[in-house]
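Have the viewer open as you read.

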Amino acid sequence: MSRLRVAIQKSGRLSEKSLDILKSCGLSFARSKDKLFWYGRDFPVDVLLVRDDDIPRMLLDGVCELGIVGENIAREVMLSRNSETKLNCLRKLGFGHCRLSIAVPEDLEITSISDLEGTRIATSYPALTRHLLEKQGISTEITELSGSVEIAPGLGTADAISDLVSTGTTLRANHLRELEELYQSQAALYGRVDDISATKQQLLDQLLARLEGVMQARESKYVMLHAPREALEKITELLPGVEHPSVMPLEGSDRIAIHAVCGEAVFWEHLEALKAAGASAILVLPVEKMLA
Ligand code: PRT
Ligand code: ZN
């Protein structure tokens, strides 16, 4: 029987959430002792646990059909290999958010990245950095470092860096200032799935449909509230991502109950606006599963 293999990060920022999302798709695993290969029990999808940097190469080399990795790494490998066979980004997964930014020493009097022309930039993402800077007509001297990029300017080996940032704490701790965001990244499911067999394709379609359901459920909230009948139109407008809510009469009252699945994030501001429009008893519930 056909099986698919999905590579995920063994231990690091993306590990837990990658596994969590696969489990949410109904996958469960018999964990092997060496912990590098987990056999899929209920669904024929197995997991390989590897370093995140190895995932795009494993896909390109045909070791696995699927992999969960940051867009930053997938883009870097695709640009540096300039490979004919591209990786397909099948679904962005909504975690592992970060940005690739140019940072300069705090006291360096530079206001725009065009001032970087001809400077030395240290980065772990040389191909992506060069590509993004050249797109803006800036040519620089790029030095590749595999780690601790943020100390390069202090050591005098670079004028600026191009590195991943999430909170910015690391930059501040190293007296660096974020000059410009070059690229936004999050974890995504990638595939090398152009020439897979029909049975594998069927399996992949089933997995992707489940994943879509999981992602939609995560992004959705079920909202219930009471409101005056005449406020229905206004309330519908205020519910994020809703066109046709369910409307029910309330026994012995001239108010109605409105239920809706909101396809977008629901913030306190939305609830406050609903209340101001006459809504009461507002409840926001998570959605566990969804199948369109
Ligand atoms: O061992 P392995 O190679 O698998 O792991 P790794 O150490 O290379 O990767 P890991 O786990 O650090 O990151 C995996 C992926 O998480 C990255 O490829 C990104 O897609 C994503 N990600 C999200 C991040 C960050 N946020 C992040 N903040 N990757 C790295 N960082 C670094 C950042 O560069 C800084 O040095 O974390 C440090 C803290 O960031 P601040 O801005 O919060 O201070
Ligand atoms: Zn890595």
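## Polar contacts to the ligand

A polar side-chain atom of Thr 167 lies 2.4 Å from an oxygen atom of ligand 1, a polar contact being a pair of N or O atoms within 3.5 Å. Thr 170 also brings a polar side-chain atom, 2.6 Å from a ligand 1 oxygen. With Thr 169 it is a backbone N or O atom that lies 3.3 Å from an oxygen of ligand 1. The protein covers 78% of the 850 Å² of accessible area that ligand 1 has on its own (Shrake-Rupley method, 1.4 Å probe).

This is a predicted model, in which local features need pLDDT of at least 70 and side-chain atom pairs count only at pLDDT 80 or more, while totals for chains, interfaces and linings use all residues. Residues are numbered from 1 along each chain as written, chains are lettered from A and ligands numbered from 1 in the order written, and side-chain values use heavy atoms, leaving out hydrogens and water.

## The shell around it

Of the 21 residues around ligand 1, those that come nearest are Asp 53, Asn 72, Leu 164, Thr 167 and Thr 170 (a heavy atom within 4 Å counts as near). By class, the shell has five nonpolar, eleven polar and five charged residues, with Gly counted as polar and Asp, Glu, Lys and Arg as charged.

Domain 1 (4-96 + 187-217) and domain 2 (98-184) both give residues to the shell, so ligand 1 lies between them; the bounds come from an automatic or database domain assignment. The chain also has domain 3 (221-286), and the C-alpha centres of domain 2 and domain 3 lie 47 Å apart.

Notes
Polar contact = N/O pair within 3.5 Å; in protein donor to acceptor, adjacent residues only side chain to side chain.
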